[in-house]
Amino acid sequence: MTSGSVRGGRVEGSGDGAVGWAVVEAAVPEFAGRVRERFAAYRHHVLASLRGDGAPRLSGLEADFRHGELWLGMMVGSRKAYDLRRDPRFSLHANPGPGTDLSGGDVRVSGRAVEVTEPAVVARYAAAVGPPEPFHLFRAELTEAVRTYTEGGCVVLESWAPGRPLRTLRRTSDDPALRAE
């Protein structure tokens with residue numbers, strides 16, 4: 001099941017402007033590097049999908065950046081796989097790790113999960129990663145990437161979406177107005 005063909009990293013026919021990871025890297029390489037580095041710090045992350053009744057479901061997940069894509073692999077028959085087949089919208093939050101320092105910032109990406117069923121692509125992924133088989137494989141097509149961190153007494157929010165430049169907002173606890181850069 002796919003939500004349109006992919007051309008140039010953009011999902012055609014999806015109507016939501018979702019893009020593959022390679023487009024994020026080309027558009028905002030330094031920011032994409034920080035996001036990818038944060039995900040690489042830990043193996044397991046938290047996936048938010050939507051249940052059939054519309055309620056959120058949070059699940060553990062291993063995410064993998066490979067071949068210019070962000071891949072989401074999961075066990076056959078898992079609820080999160082069924083959620084994504086029914087409604088491909090998701091958010092993926094990088095594991096914050098131990099403690100409270102949020103080294104590298106707090107990172108999440110959101111978009112649509114496109115199930116990949118082409119045997120050659122699934123085989124290439126399996127050969128490189130070695131997941132327990134059989135498995136479901138989804139390619140993340142992103143609509144947003146966000147990084148939050150602290151700096152000089154401010155909470156800093158970096159946000160990127162396709163077709164828009166990277167935005168940076170700074171906020172302090174004594175100044176509720178956001179200051180955009």
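What share of the 181 residues in the protein is buried? I found 40%, with buried meaning under 20% relative accessible area (1.4 Å probe, protein chains only).

A note on the source: this is a predicted model, where local features need pLDDT of at least 70, side-chain atom pairs count only at pLDDT 80 or more, and totals for chains, interfaces and linings use all residues. Residues are numbered from 1 along each chain as its sequence is written, and side-chain values use heavy atoms, leaving out hydrogens and water.

Next I looked up the fold. I counted four helices and 11 strands, taken as DSSP runs numbered from the N terminus (helices H or I, at least four residues; strands E, at least two).

Then I turned to the largest pocket. A pocket here is an open set of points on a 1 Å grid over the protein atoms alone, where a 1.4 Å probe fits, with protein on both sides within 12 Å along at least five of seven lines; lining residues have an atom within 4 Å of a point. I noted 27 lining residues, with Arg 43, Glu 62, Gly 73, Tyr 125 and Val 129 nearest the centre. Elements giving two or more residues to this lining include helix 2 (29–40) and helix 4 (119–129). Strand 4 gives the most, seven residues.

Last, I checked Ser 59, which sits in strand 4. Why is Ser 59 counted as buried? Because its relative accessibility is 14%. Beyond neighbours within four places in sequence, Ser 59 contacts (heavy atoms within 4.5 Å) His 45, Val 46, Leu 47 and Lys 80.

Conventions: Buried means under 20% relative accessible area, exposed over 50%, partly exposed in between (1.4 Å probe, protein chains only).
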